[in-house]
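Thanks for coming, everyone. Please bring up the model on your screens, and we will walk through it together.

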Amino acid sequence: VPMVYMEKAIASSMAAADAVKAAIQRSGTVFNTGVLRRFDCRYEPVREAVLDGRIGTPKAAVAYTSTSLLHGHVHSIDTLSWLLGDPAIIAVRGELLPRDLEIDGFLPADPNATYQLQFANGVEASSVPAGEFEFEIIGDSGTVRSCNNGALNKLRQRPDDAARGAAWEESTLPELPQKSPVVDCLEDMVTAHESGQPTRGHIGVTHQVTEA
């Protein structure tokens, strides 16, 4: 099988996720999953602002959304990872909600949750259980935020001559012509298949996000 487009989450246990990773690596199959903000061009200006150093050194990242752990936060963790350039995730903690949730062997439904992550580049990430899928990356000299589920991106920067604590200047990042993230995901797979380069959502980063 030359290409696989797999629904997220790729597994509900790490044993199954490990098996998926081993099979993909063994066969050399080109692989993407349906974490579509990674393929949504509206988030590209945010990622570029972070990776181009327009907010300085990233220090923290926040996902604003109340959602389920396996099916919802697979999106939010993947989006934060993508916006930061997919650094390694080295530590994670979280809480299932409601906090008095009782687990009797297994959970029959995907519970809501909150989390904190530590990335290898030093960024601390966390979720806020409110909002509608908004994402913010905070650096030492600015911050960039994707608002309204990608509909609007705002950049705030400290002026070069401003003292710490001074008001930051706000601007709106340019909008890119919108196209289908699903089509972009599939085109990314075809490009990777023809070029031999990895996909945006290759099995290495997908496995890492699933583990988190």
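Let's start with disulfides, meaning pairs of cysteine sulfur atoms within 2.5 Å. This structure holds 0 of them. Take Cys 147: the nearest cysteine sulfur belongs to Cys 41, and that is 17 Å away. Cys 185 is in no disulfide either, with the sulfur of Cys 41 as its nearest, 14 Å away. Are these two cysteines buried or exposed? Cys 147 is buried, at 12% relative accessible area. Cys 185 is buried as well, at 0%. For these labels, buried means under 20% relative accessible area, exposed means over 50%, and partly exposed is in between, using a 1.4 Å probe and protein chains only.

A quick word on the source. This is a predicted model, where local features need pLDDT of at least 70 and side-chain atom pairs count only at pLDDT 80 or more, while totals for chains, interfaces and linings use all residues. Residues are numbered from 1 along each chain as its sequence is written, and side-chain values use heavy atoms, with hydrogens and water left out.

Now the strands. Helices (H or I, at least four residues) and strands (E, at least two) are DSSP runs, numbered from the N terminus. Two strands pair if DSSP finds at least two bridges between them.

Look at strand S3, residues 58–65. Of its 8 residues, 6 are buried, so S3 is largely enclosed by the rest of the structure. Which strands pair with S3? One is S7, residues 132–139, which runs antiparallel to S3 and is joined to it by 7 bridges. There, Ala 63 stands opposite Phe 135. Another is S6, residues 124–128, paired with S3 in the parallel sense over 5 bridges. Here Tyr 64 faces Val 128 across the pairing.

Move along to S8, residues 142–147, and S9, residues 152–157. They run antiparallel, with 6 bridges. Val 144 stands opposite Leu 155. The two strands form a hairpin with 4 residues between them, and in the turn Asn 148 has a positive phi of about 55°. S9 also pairs with S10, residues 169–172, antiparallel, through 4 bridges. In that pairing, Lys 154 stands opposite Thr 172.

Between S9 and S10 there is a loop, and Ala 162 is in it. Ala 162 is partly exposed, at 22%.

Next, the inside. A nonpolar core is a set of buried Ala, Val, Leu, Ile, Met, Phe, Trp, Tyr and Cys residues joined through side-chain atoms within 4.5 Å. The largest one here has 27 residues, and Leu 80, Ile 137 and Val 144 have the most contacts inside it. Elements giving two or more residues are H2 (44–51), S3, H3 (73–83), S5 (112–119) and S7. Which element gives the largest share? H3 does, with 5 residues.

On to charges. A salt bridge is a side-chain nitrogen of Lys or Arg within 4 Å of a carboxyl oxygen of Asp or Glu. The structure holds 11. One joins Arg 38 and Asp 86, at 2.9 Å, N to O. Arg 38 lies in the loop between S2 (30–33) and H2, and Asp 86 in the loop between H3 and S4 (89–97), so the pair ties together parts that are 48 residues apart in sequence. Arg 38 is buried, at 1%. Asp 86 is partly exposed, at 22%.

Another bridge links Arg 145 with Glu 136, at 3.6 Å, N to O. Arg 145 is partly exposed, at 24%, and Glu 136 is buried, at 10%.

Then there is Asp 184 with Arg 200, whose closest N and O atoms are 3.7 Å apart. Asp 184 sits in H4 (residues 181–195), and Arg 200 in the loop between H4 and H5 (203–211), so this pair ties together parts 16 residues apart in sequence.
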